[in-house]
Amino acid sequence: WRGREGAPYSTLVPSDEVTITYRHGLPVITLTLPTRSERCRFTVKPVVTTVGAFLRDVRREDKGIEKAEVFATDGSKVSDATLMEVLLMNDFKLVINNTAYSASPPVKEKLSSEHATEMEDIKSLVHRLFVALHLEDHQIRKERELLQKLDHLKEELLPLEQMKARIMDSADAKTSRLLWAGLALMSTQGGALAWLTWWVYSWDIMEPVTYFITYGSAMAFYAYFVLTKQDYIYPDAQDRQFLHYFYRKSKNQRFNVERYNKLKEDLAEAEESLRRLRQPLHLRLPIQEIKDKD
């Protein structure tokens with residue numbers, strides 16, 4: 001028997017040094033502890049106990065064990081995440097320090113289909129009970145992680161929010177000035193046309209002028225549609241001009257809009273996760289307390 005590097009182990013102990021029996025339906029692994037030189041029994045729960053948990057129990061029982069691993073008969077290492085139920089289906093090698101113990105689990109009698117179904121139901125029930133017993137701890141740990149994540153995101157967002165507020169105020173002021181300038185220009189144009197019509201020239205002379213002014217305005221609105229693929233609607237045009245000023249000011253102030261949006265999305269996602277975690281049904285509150293919270 002060889003290890004993963006191909007070098008033979010110093011000792012290969014016969015299979016009787018490691019015995020596996022079943023007591024009250026649970027497998028009992030009995031082996032000789034190397035430094036204490038005494039037999040020790042380990043009762044495992046095959047449905048929930050993993051190979052890593054079993055090896056930790058062995059090392060905890062004998063502090064002189066420096067290395068404990070499990071290998072299949074073909075020399076491949078068994079993962080620590082493997083359930084003991086899977087391991088006990090075939091022969092395996094238990095390597096403690098440099099000593100390899102050969103283990104042969106007893107052959108279990110095949111169950112009938114009804115008994116097999118009952119066993120699967122029992123396993124499913126055990127798994128649900130395990131999840132239910134550890135759900136509260138998981139929720140508390142998850143809530144603590146989400147709260148820490150929220151605090152971290154809010155700390156990152158605080159200076160960005162302040163910078164964004166200043167940029168938005170500046171962009172809003174420029175947009176308002178542009179709107180008032182447009183109103184002033186239209187008022188000046190109307191006054192000039194009225195003055196030229198009634199005091200300088202006659203309507204017969206000014207009519208072609210107003211026609212071409214109207215036609216030029218229509219061309220300007222059409223050009224706006226060609227460039228923006230949007231109709232010239234005053235609220236949409238105002239929002240577009242506001243965004244133009246906002247992004248130009250953001251570039252000058254080195255405000256990272258993409259990073260700000262990503263942080264806001266992460267913050268919203270974390271708050272939604274925390275809200276769902278704190279839902280009354282998830283917290284298993286009594287009906288009266290659920291009504292009080294509503």
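The chat below goes through the fold, cores, aromatic pairs and salt bridges of a predicted model.

Colleague: Before we start, what kind of model is this, and how are residues numbered?

Modeller: This is a predicted model, in which local features need pLDDT of at least 70 and side-chain atom pairs count only at pLDDT 80 or more, while totals for chains, interfaces and linings use all residues. Residues are numbered from 1 along each chain as its sequence is written, and side-chain values use heavy atoms, with hydrogens and water left out.

Colleague: How many helices and strands does the protein chain have, and in what order do the elements run?

Modeller: The protein chain has 7 helices and 7 strands, where helices (H or I, at least four residues) and strands (E, at least two) are DSSP runs numbered from the N terminus. From the N terminus on, the order is β-β-β-β-α-β-α-β-β-α-α-α-α-α.

Colleague: And what share of the 294 residues counts as buried?

Modeller: Of the 294 residues, 26% count as buried, a term that stands for under 20% relative accessible area, with exposed being over 50% and partly exposed in between (1.4 Å probe, protein chains only). Of the contacts in the protein chain with a separation of 6 or more, 58% are between residues 24 or more positions apart, a contact being heavy atoms within 4.5 Å.

Colleague: Which residues have the most contacts inside the largest nonpolar core?

Modeller: Those are Leu31, Phe54, Val70, Phe92 and Leu94, in a core of 24 residues; a nonpolar core is a set of buried Ala, Val, Leu, Ile, Met, Phe, Trp, Tyr and Cys residues joined through side-chain atoms within 4.5 Å. Elements giving two or more residues to this core include strand 3 (26–33), strand 5 (68–72) and strand 6 (92–96), while the largest share, 4 residues, comes from helix 1. A second, separate core of 18 residues includes Leu146, Ile167, Ala171 and Phe246.

Colleague: What does Phe92 touch, leaving out residues up to four places away in sequence?

Modeller: With those left out, Phe92 touches Ile20, Val70, Phe71, Thr73, Leu87, Tyr101, Ser102, Ala103 and Pro105.

Colleague: Changing topic, how many aromatic pairs does a search of the whole structure find?

Modeller: The search finds 6 aromatic pairs, counting rings of Phe, Tyr and Trp (its six-membered ring) whose centres lie within 6.5 Å, with planes under 30 degrees apart called stacked, over 60 edge-to-face and the rest tilted. One of them joins Phe42 and Phe54 edge-to-face, at 5.9 Å centre to centre and 85° between the planes. Phe42 lies in strand 4 (residues 38–43) and Phe54 in helix 1 (residues 51–61), so this pair ties together parts that are 12 residues apart in sequence. Phe42 and Phe54 are both buried. Phe255 and Tyr260 make a tilted pair, 5.7 Å centre to centre with 50° between the planes, and both of these residues are buried. Phe255 and Tyr260 also belong to one aromatic cluster with Phe242, Phe246 and Tyr247.

Colleague: What about salt bridges, and which residue does Glu156 pair with?

Modeller: The structure holds 6 salt bridges, each being a side-chain nitrogen of Lys or Arg within 4 Å of a carboxyl oxygen of Asp or Glu. Glu156 pairs with Arg259, their closest N and O atoms being 2.9 Å apart. This pair links distant parts of the chain, with Glu156 in helix 3 and Arg259 in helix 6 (residues 257–277), 103 residues apart. Glu156 is partly exposed at 23% relative accessible area, and Arg259 is partly exposed at 38%.

Colleague: Where does Leu150 lie, and what does Leu150 touch?

Modeller: Leu150 lies in helix 3 (residues 113–200) and is buried, with a relative accessible area of 7%. Not counting residues up to four places away in sequence, Leu150 touches Leu267, Ala270, Glu271 and Leu274. Leu150 and Asp266 are 116 residues apart in sequence, yet their C-alpha atoms are 8.8 Å apart in space.
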